[in-house]
Amino acid sequence: MSGLHLDGPRRTSNAQPPTTPTSSTFGPSANSGRTSPRLNGDGPMTSATTEAPSLSRVHAEPKRVQFIQANASTVHESMGPDGRREMMQHKVDQVFDQIKIMASQHLLDTRPGTTHIVSVPEFFWNTHMEHATPDEKHQLIGMLQDRVAQSGLGNALFLMGTVVTSEPPAMLAPIDPNHLPSVERILGYQNNELSQAFQEAVSRNPESFTQEPSDARIDLTSVASLAEAIAKKKEAPVSQEILERAAELIKEVRDNLAPVTILAGHMDQAALGRNLNHFLEQTTPEGMREAVQHICPSFDCPATGGGDRVLEKLKNFLADNRGNLGNVHKLARVFKDYVAPFKLSRTEYSGGLPTGRSAPRGLPTTFKLLQNSPEMDVAQLHEEGRKMFKAIRNEAIVLDGSGQRSPRLVSKFAPSVVDVPSYADAMNDKVHPKQRDSFRHLPGGMTPAHEGPEMTARLQAEGHNPSMQIVDLPGGGKQLGMVVCRDINSGHYAEHVSEALNDTEIFHLISGGINTGEFRESAPRVPIIARTDGHYTDSEVRFGATQRPVAGTAYRQSELGGTFGPVPKEEMYQRRLPGGPAQWQVSDTIHTQGAAPSSDGSFTDSHTEVEIPLLKKDIEHYQAQLDDLRREIGNFDRALVYMKEGGLAEKSNIYGMISFTPAQKQAWESEPKRGVDILHQVLENLQGDLNSVEARLQAKQKRLAAVSPPTT
């Protein structure tokens, strides 16, 4: 990284100034009937979303990058017009209007070789307290595409924060709610209970983690799942007739739940035919206990708690079906495939019965009757049943300013309690059990409780791979790695993602609660790293092996639609809300690896009234950085003595004198004998960064001399 150049002003332009920003648009736009944007592809955006921009576009390979980062508070509260679509449109318009205003004030470097990385924080588009629907997410992406196409920033990559979406269970998608009244009658529900359960299941509201799902919700899911299987066999859509047939089978299972559960879990089908009469002939509990072993060898009938009543129910059920064992087998299959998963998913499962607790509230019979079943993998059924619940997706939206690639969605893979507040509520609930293993969260069935190898296993089963965290920069040839918030602290990131990101040019974290220390400790070792956070409402860009901060300036609006001015240092961390008067951090331009320094000819059409004071500020920034690097390099000999004489016992003194990366600290502390070699690596890093900063400082001084008025 010693060859990394930081060079060139960030506020000059050869292009025509952007057109005057339009006022915010409230309500549906003229093209609100757009087709849904195509996601995650490599082809062009759909024609319905690619109106030609009014400004010229440049698609040059990235030579310089400049970061434009929104400092917005997104975790604590949000603001905007009433109505979710109107609120999203308002925020979209404000973001792009503000970028146009900053460009018109010459606060951005719009030279053709400059790639802009425009970012807003996690939870920017919808508060974590209220999820979006999949349709609203697609509408938002369409709104963003429209404004990107009009932005005039053809070399920009837009990292547009995250949108949190609540996705209804896929198995309910074929259901027409108008068909539910007849299903309700078959199942014996009243007062539209089944229809209410359907509306609850497809609503945007998070699942409750302190209440078990209702019987109506479980039966609805069983009917929907069985109806889909019947329709598939018939090669037909799920019709009212098919739903009613599925409901009749589910009701028959439900009416005979205990005997069907025993048979599904323990029945020896061949032995049932041979020994059925012997079992039916028994007239005492003792006789039935002995005889049932000949048809259900693994069944351990409870000695107490109604075991005799269960055997009597089994005897009556088999007597009613003596001449139709095919129906017995059919109902057992229906129970196993379409009833048991959803009944078992309603409570925590751990090895048969929940550890340290009595049988689950409301379902003691089902669990106990399936104990030791060789026919049913209760844990797997429980996992399958979790598909009845909504999945939550927290996804970063990525758009290419050139329009050459379709939008990308980069999913957060390590869920946190803030994504679903009801989960956090359950953690603090002293009355209700936390249903942490029962409910789905992100795809793969992830919940905030999953960590380490279990997280990795679920993600890999879902098809996740590190390439999903990498996007191409406009113009090609360079890549950016990114993750969302808590991902960077996860074991899966450390073991399976971080190394793959080391080959990218830039790493960017979009977050809502990761501070600079956590970020720097876990960021991959790439030439440029950046963080845009909505909890700390700050941003940063760093470069080089020792992660030195890139110079930058925070700009703020005094009112919506107004111009931007520098933010006083003491007001840097005042909370700014999405959709309101904005604060943006604009970084210095940074040359990508291998790029030649900017030529003097690229600095034409400068605006010295903006540029001169900022050049002076940046010179001061890099001079201080240079002094720090020289001081640390000057401490090398003394640090070497400490290391040779005291080793790790002197690490606090050594770390105070000279900058180790987290990886270098870990390497030394795990292999103390390598300490001297590692210290020389540290020195090499410092000298490389010293060369970069010196080059940067000299370029700034040269530019200042060129644009300063002559002295008389």
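Reader: What volume does the second largest cavity have, and what makes a space a cavity?

Author: In this predicted model, the second largest cavity has a volume of about 60 Å³. A space is called a cavity because a 1.4 Å probe fits there but cannot get out.

Reader: Which residues lie closest to the centre of the second largest cavity?

Author: Eleven residues line the second largest cavity, and Arg84, Met87, Asn126, Ala132 and Glu136 are the closest to its centre. Helix H1 gives the largest share of this lining, three residues.

Reader: How does the lining of the second largest cavity divide by class?

Author: It divides into four nonpolar, three polar and four charged residues.

Reader: What is the volume of the largest cavity, and which element gives the largest share of its lining?

Author: The largest cavity has a volume of about 100 Å³. Among the 16 residues lining it, Gln98, Phe124, Pro578, Gly579 and Ala582 are the closest to its centre. The largest share of the lining, four residues, comes from H1.

Reader: Why are S6 and S11 edge strands?

Author: The open sheet has the order S6-S7-S8-S9-S10-S11. Strands S6 (470-472) and S11 (548-549) each have a single partner strand, so one side of each is left without a neighbour in the sheet.

Methods: Residues numbered from 1 in each chain as written. Predicted model: local features only at pLDDT ≥ 70, side-chain atom pairs only at ≥ 80, totals over all residues. Heavy atoms only, no water. Pairing = 2+ DSSP bridges. Helix = DSSP H or I, 4+ residues; strand = E, 2+ residues; numbered from the N terminus. 1 Å grid on protein atoms, 1.4 Å probe; cavity = no way out; pocket = protein on both sides within 12 Å on 5 of 7 lines; lining within 4 Å. Points joined across faces, edges and corners; volume = space filled by probe spheres on them. Nonpolar A, V, L, I, M, F, W, Y, C, P; charged D, E, K, R; others polar.
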